[in-house]
Every structure is written in structure tokens, then in C-alpha cells.
Amino acid sequence: MNFKKKMFGWMDMLRFKKLVPNRRAEFDKAPATKIPDTYKVNSIAKILHPGNQKATLTGIATETSDTKTYTFSLERKMFFRAGQYVELTAEIDGAVVSRPYAISSSPYKALREKELSVTVKKAGFFSNWLFDNAKVGDEMIIGDPSGFFHYEAIKDEKTVVGIAGGSGITPFYSMAQAIKEGSEDFNLILIYGAKTEKDIAFKDRLDALASGKIKVVYVLSDEKNDKYEHGFITKEIIKKYAPEKYTVMACGPQAMYAFLDKELAAMGIGGKRVKKEANCVGVRDVKKAVYTLTVHIRDEVYTVKADNRETVLVAMERAGLRVPSKCRAGGCGFCHSKLVSGKFSIAGADKRRLADLKFGYIHPCCSYPDSDMELIVPAGLE
Ligand code: FES
């Protein structure tokens with residue numbers, strides 16, 4: 001036993017003595033090329049998860065009387081799935097304000113040319129500010145691409161019937177470009193509802209894309225014209241253009257969803273065959289009351305006034321607090337905050353995860369205050 005210990009100790013000494021010459025020999029064998037500043041895997045990770053980045057506004061194009069496309073030059077390449085959205089952040093009157101907007105450009109442009117466009121309908125505080133104030137050369141922040149409103153080959157049919165209302169055409173326009181450039185592979189039958197011919201966004205570009213895997217049908221509600229379908233997007237119109245098997249993807253205003261739900265139910269279509277893009281939560285129609293929010297962010301405590309018609313998130317933003325948000329529709333969970341006390345109502349369905357429910361978290365983006373509240377909120381964009 002003693003002998004063995006001595007023997008191993010001596011061998012360790014020998015290895016130790018050879019450590020430096022062995023390392024030198026390994027160094028000598030290595031090629032005399034510079035170690036890369038970054039490895040490919042890191043640059044791919046950076047493209048997949050670009051995080052917040054500076055973006056310079058390079059173009060503003062009018063699409064319809066109330067819709068404009070804003071094109072940005074990105075700091076870094078970005079990968080996104082056609083149909084996703086990004087969060088746009090700007091400083092407005094000293095407050096940092098963010099809104100999610102659907103991407104209208106193609107994935108190729110963001111990945112190869114560091115260019116990204118969002119198409120915005122003039123409605124709400126941020127969009128109005130963009131319409132009235134944004135100018136070429138302005139710098140804003142663009143966040144990670146997010147959302148699940150994109151084609152999923154593993155569960156979607158090979159043909160998607162895309163139903164768009166108004167500016168809800170935006171993600172489908174990105175999808176049509178992606179199909180054409182080959183970064184998405186499915187058949188898209190796009191049924192696009194607008195009030196009049198003048199309200200059709202991207203018309204010339206959609207017409208140019210419509211061939212092969214892409215078909216576009218326009219449905220005008222307020223104008224009769226032989227070139228287009230007339231009325232709302234009914235089950236008869238869907239049946240007329242859809243093949244036997246298809247997945248429905250819909251993006252548009254809440255009123256369109258309410259109508260579409262009935263039409264699809266009458267056709268026996270629902271469940272996983274239907275995907276709808278959620279709309280940002282707006283104001284609620286109740287008698288005005290003002291409550292006090294006590295907000296803990298890291299080591300700071302803020303007292304904020306909250307109008308009960310607006311969400312808790314809007315109240316915090318109005319007070320200039322930098323708090324996290326992405327979808328503003330209750331779906332992503334990015335804004336989730338711990339409720340210490342107080343009552344609230346949720347806009348629409350409660351989309352919180354089970355863990356959030358169990359541990360007392362709420363989504364301020366879709367919660368209206370019904371009393372004074374106290375919350376612990378994660379810090380937002382620095
Ligand atoms: S911002 Fe997505 S859940 Fe609140």
C-alpha cells in the first residue's frame with residue numbers, strides 16, 4: 001500500500017515536470033492563424049436572439065389614408081419568422097414608450113441587409129406620435145422578434161387560408177414575400193377584407209406576388225366592384241377559394257374575429273386549425289375612477305395614479321416608469337408582475353401560465369385596476 005502511494009506520487013511529479021514542455025509542444029503544433037474574435041456559433045446566437053438594438057428610420061411610405069410603413073436600418077442582422085412582430089421603443093416627451101408592431105418586410109431583408117419595416121395603423125398614442133412626428137434619421141430601439149403567428153410545418157396544413165382585415169394584412173404580406181424568396185414553404189390563399197379599393201394596403205406588391213403558391217382575394221365591404229368580392233369574409237367566400245384541407249390564420253380587428261368565429265363554427269372549423277393574432281388591449285368602457293398603484297422596481301418604490309379605464313401597464317408608462325412589455329395582449333408573459341395587494345379585472349381570457357396563477361403574478365398589460373394596488377415589477381429597458 002505504502003509502495004503504491006510512493007509510486008503514484010512519483011508518477012505525478014513526472015507528469016508535472018512534463019506539463020510545460022508538453023503544452024509548448026501542443027502550441028507548436030497549432031496553426032499560426034489568429035484566433036477568431038468571435039466564433040460562428042456565437043454570431044448565429046446573436047442573430048437568433050439580437051436583443052434590443054438601435055435602429056435608424058430610413059423611410060416612411062404611405063400605404064392608405066391611415067396606414068404607413070416605417071423602414072429601419074438595423075444595427076445588427078436579425079432572424080425572424082414571417083408573421084412575427086417587434087417592439088418599437090422611442091422617447092416621447094421624456095417618457096420611454098413601446099408598442100409591438102407586425103413586421104411587414106421579408107426575413108431576407110433583415111438577415112442579409114439589416115433592414116426591417118413595420119406597418120402601422122394610425123390609432124393610439126404611440127402610432128399617432130409616429131404619424132405626426134417621426135422623420136427619416138430618427139433613432140429608435142427595436143426589440144427581439146416575438147410571437148407565434150407564423151407557419152408551423154409540424155402542425156399546420158400545407159395550405160394556409162389567411163384572413164386579413166384592414167392593417168391585419170401586414171404579417172401576411174411578410175409571409176407572401178417569405179414564400180416567394182423561399183424562406184417559408186407553404187401555400188397561402190389570402191382573403192383580404194377592406195372597406196374600399198383605396199383602403200387596400202400593398203395592393204400592387206401583393207398582385208405582383210400572387211402566383212404559384214400565393215393567391216390573393218380582395219373582399220370590399222363598402223364598395224361594389226366587379227374585380228372584387230363584396231361584403232364580409234363569409235363562409236361562402238372561404239369555401240369558394242379554400243381547398244379541402246387547410247389551416248386558418250386570421251389577423252384583424254376584434255369585430256372581424258367575432259364575425260369569423262361564427263362563420264368558422266358553422267363550417268365545423270376550430271381548435272388547432274385556427275390561429276388568430278391577438279390585438280393589443282385597449283381602454284375599457286366603465287365609469288372613470290382613479291386608484292393609486294404602489295410599484296416596487298428593484299430597490300425603488302413609486303406611487304402612481306391609475307385611471308381604471310386603462311391597463312396597469314399604461315398607468316405605469318404614463319408615470320414614466322420603465323417596465324417590460326412585448327405583446328400587450330396577455331400572451332407573452334413578458335410583463336408579468338407579482339401582485340402584493342389589490343383587485344383587478346382581466347381584459348378577455350386569462351392567459352396567465354399556471355405558475356403565474358399559483359404564485360400570484362398578473363399581466364399588467366391586460367389588467368385593469370379595480371382598487372388601489374401594490375405590485376413588484378421587473379425592471380424594463382435600461
Ligand atoms: S406584454 Fe405580453 S403578456 Fe404582457
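How many residue pairs are in polar contact between domain 1 and domain 2? In this predicted model, the count between these two domains is six residue pairs, with both residues of each pair at pLDDT 80 or more. The side of domain 1 that touches domain 2 draws at least two residues from each of β1 (53-64), α3 (107-112) and β5 (115-121). Two salt bridges are also counted between domain 1 and domain 2, and a salt bridge is formed by E63 and R205, whose closest N and O atoms lie 2.7 Å apart.

The protein as a whole is divided into domain 1 (47-142), domain 2 (159-276) and domain 3 (290-376). In the contact between domain 1 and domain 2, 17 residues come from domain 1 and 17 residues from domain 2. The size of an interface is often given as the accessible area lost when the parts come together; for domain 1 and domain 2 this buried area is about 1200 Å², of which 54% is on carbon and sulfur atoms. The centres of the two domains, taken over C-alpha atoms, are separated by 24 Å.

The residues of α8 that are buried are M256, Y257, L260, E263 and L264. An α-helix has 3.6 residues a turn, so residues three or four places apart point the same way. The cover over the buried residues of α8 includes β7 (159-165), α7 (235-241), β11 (247-251) and β12 (274-276). After α8 comes G268, which has a positive phi, near 75°.

Technical notes:
Residues numbered from 1 in each chain as written. Predicted model: local features only at pLDDT ≥ 70, side-chain atom pairs only at ≥ 80, totals over all residues. Heavy atoms only, no water. Buried < 20%, exposed > 50% of the residue type's maximum accessible area, 1.4 Å probe, protein only. Helix = DSSP H or I, 4+ residues; strand = E, 2+ residues; numbered from the N terminus. Contact = heavy atoms within 4.5 Å. Domains from an automatic or database assignment. Buried area = accessible area lost by both parts, 1.4 Å probe. Salt bridge = Lys/Arg side-chain N within 4 Å of Asp/Glu carboxyl O. Polar contact = N/O pair within 3.5 Å; in protein donor to acceptor, adjacent residues only side chain to side chain.
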